[in-house]
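Please describe the model shown here, covering its contacts with DNA and its helix packing. Include the cut-offs behind each term.

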2 protein chains.
Amino acid sequence: MTLWSYDHKVTQQDFLMPKDTFFNLPEDKRTLICNAAIGEFAEYSFDQASVNRIVAKSGIAKGSFYQYFENKKDLFLYLVQLIAEEKEKYISPVMRNPDQHDIFTLLREIYLSGIQFAAEHPQYAEISRKILESKGKPIYAEIMADNLPSAYVFFETLLENAIERGEVRADIDIKMFAYLIASMNALVIEYYIEYLAQKYDGKMMETIDKFLDFLKNGIGEQSGGWTSK
Amino acid sequence: MTLWSYDHKVTQQDFLMPKDTFFNLPEDKRTLICNAAIGEFAEYSFDQASVNRIVAKSGIAKGSFYQYFENKKDLFLYLVQLIAEEKEKYISPVMRNPDQHDIFTLLREIYLSGIQFAAEHPQYAEISRKILESKGKPIYAEIMADNLPSAYVFFETLLENAIERGEVRADIDIKMFAYLIASMNALVIEYYIEYLAQKYDGKMMETIDKFLDFLKNGIGEQSGGWTSK
DNA sequence: GTAGAATATGACCTTGTGGTCATATGACCA
DNA sequence: TGGTCATATGACCACAAGGTCATATTCTAC
């Protein structure tokens, strides 16, 4: 399981981890630090997040911070791992048997779990979003090294299987739509969070179903009548 | 005309502008500075772009920089204005008479001009992209103040008119699809630039038409047969 | 009680930032 | 030649960043 794809790979122990000192801490102090850090990284990108602010919010000395973590990146990668583990819990039973359902059912579950996760953990979702948006920066590659394979490949496979089964038109550009569907996942979540509600409610299902209906049928009035060019 | 929407409003003189000293400069020196700055802002976000690097790349003294511009923001807003003016040139005749064409033709022109602009001015496009991705930061609001109305409202109007004419299903959520279409514009451009080519060629049209076909008809095998829920 | 290890601390270091300013340069005019 | 004014310059400033380290404190075991 990774942050953005939906396979079942078990996360391996990462190379960089908080020091023992951190795990020896009483739990409330550990969560205090984690919460301060989550708040910081939800508000600022990795580069712009400030260790000074984190220690100030945590009420610990700066020296202590570096007794717990090797550096800022160490803390960040640890949090990313925590978030990935939390997101794991949102994967529905349907997604665990992807071969037994059609692609629209699967996509529905994926989008659903994505929105639900974002609604219940807005800060986690915001951090995930900021990571995706940091494509090109060094930290992005480092995170993706721990979170492969990419979501794109996952969606490509999904589309290939769906075409074989006759659920999806065979003339689409698989690579392009894998890219679009993966990106639109983030888009729909953003839209939901920004414009509709902060919590998981009935409207959420409506939003997803509207979107899936669009994915399948488009927005054209006369389906099938219009062709490009 | 603004950076992301397609109305015909004429850009007003901005409050913050380079000083006279800058415009008194010989043209080659001015473009030298602009090119250095464009390169910097294409590589780094506004916050992370460095005046030190810009002056180093320009070969001018730091003091000189502040003889030309009030501050970093002054330079940046000036460049944004230049970019918007350049993008203006890509608006096709079709877009200048939006009432005489159906929505898919209009969208085709919009996406086309977007990709064409990005292909021919990758650095400008990258700067535009970075701006859109800086939602929430102070500089974003400042830019949008000069570039209203937002693209969302523009697409909402486009959809409303299309529904009235029977080109688009009347049961869609206009706000949601305005948001999606606006965002997907950026997505398609990103996909094209990242995976297909750097320059404007035949493949480009193909990409756009594939996407528009999807917009109208969806990716479902049997159009109209499947409904959500 | 005391030795010794683990942890807590904040002053301090280097580096880079946006921005300033006194001074130097050079062009134009009397 | 001397005076004036726009421009050019880089040393300098205050600040914040990530990170270090000698020292102080607390905990554990004998």
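This is a predicted model: local features need pLDDT of at least 70, side-chain atom pairs count only at pLDDT 80 or more; totals for chains, interfaces and linings use all residues.

Residues are numbered from 1 along each chain as its sequence is written, chains are lettered from A and ligands numbered from 1 in the order in which they are written, and side-chain values use heavy atoms, with hydrogens and water left out.

**Chain A**

Chain A has twelve helices and zero strands; helices (H or I, at least four residues) and strands (E, at least two) are DSSP runs, numbered from the N terminus. Along the sequence the pattern is α-α-α-α-α-α-α-α-α-α-α-α. Of the 229 residues in chain A, 53% are buried, where buried means under 20% relative accessible area, exposed over 50% and partly exposed in between, with a 1.4 Å probe and protein chains only. Taking the contacts in chain A between residues at least 6 apart in sequence, 68% join residues at least 24 apart; contact means heavy atoms within 4.5 Å.

**DNA strand D**

DNA strand D is surrounded by 20 residues, and the closest are Ala49(A), Gly63(B), Ser64(B), Gln67(B) and Tyr68(B). A residue is near a strand if one of its heavy atoms lies within 4 Å of it. Of the atoms of DNA strand D that come within 4 Å of the protein, 52% belong to sugar and phosphate. At least two residues of this surface come from each of helix 3 (51-58) and helix 4 (62-68) of chain A, and helix 1 (20-24) and helix 4 (62-68) of chain B. Helix 4 of chain B has the largest share, five residues. By class there are six nonpolar, nine polar and five charged residues near DNA strand D. Ala, Val, Leu, Ile, Met, Phe, Trp, Tyr, Cys and Pro count as nonpolar, Asp, Glu, Lys and Arg as charged, and the others, Gly among them, as polar.

**DNA strand C**

Around DNA strand C there are 20 residues, of which Gly63(A), Ser64(A), Gln67(A), Tyr68(A) and Ala49(B) come nearest. Sugar and phosphate make up 53% of the atoms of DNA strand C that come within 4 Å of the protein. Helix 4 of chain A contributes the most, with five residues. The classes near DNA strand C are six nonpolar, nine polar and five charged.

| Residue | DNA atom | Distance |
|---|---|---|
| Ser50(A) | phosphate oxygen, DNA strand D | 3.3 Å |
| Asn52(A) | phosphate oxygen, DNA strand D | 2.9 Å |
| Lys72(A) | phosphate oxygen, DNA strand D | 3.0 Å |
| Tyr68(A) | phosphate oxygen, DNA strand C | 2.7 Å |
| Asn52(B) | phosphate oxygen, DNA strand C | 3.0 Å |
| Lys62(B) | base oxygen, DNA strand C | 2.9 Å |

**Helix packing in chain B**

Helix 7 (residues 103-120) and helix 10 (residues 151-164) of chain B pack with their axes 10 Å apart and at an angle of about 155 degrees. The two helices of chain B are therefore roughly antiparallel to each other. Helix 7 of chain B makes the contact through Ile103(B), Leu106(B), Leu107(B) and Ile110(B), and helix 10 of chain B through Phe154(B), Phe155(B), Leu158(B), Leu159(B) and Ala162(B). This contact has nine nonpolar, no polar and no charged residues. Axes are lines fitted to C-alpha atoms, for helices over the stretch in contact, and angles run from 0 to 180 degrees between N-to-C directions. Angles under 35 degrees count as roughly parallel, over 145 as roughly antiparallel, 65 to 115 as roughly perpendicular and the rest as oblique.

**Helices 8 and 9 of chain B**

In helix 8 (residues 122-132) of chain B, the buried residues are Ala125(B), Ile127(B), Ser128(B), Lys130(B) and Ile131(B). They pack against helix 2 (27-43), helix 5 (72-88), helix 7 and helix 9 of chain B. Lys130(B) counts as buried at 16% relative accessibility, and its side chain reaches the backbone oxygen of Ala42(B) at 2.9 Å. Leaving aside neighbours within four places in sequence, Lys130(B) is in contact with Phe41(B), Ala42(B), Glu43(B), Tyr44(B) and Ser45(B).

Ile139(B) lies in helix 9 (residues 138-146) of chain B and is buried, with a relative accessible area of 7%. Beyond neighbours within four places in sequence, Ile139(B) is in contact with Phe46(B), Lys73(B), Phe76(B) and Ser134(B). Ile139(B) and Phe76(B) are 63 residues apart in sequence and 9.6 Å apart in space, C-alpha to C-alpha.

Note on methods
A polar contact is a pair of N or O atoms within 3.5 Å; within protein, one must be able to donate a hydrogen and the other to accept it, and residues adjacent in sequence count only if both atoms are side-chain atoms.
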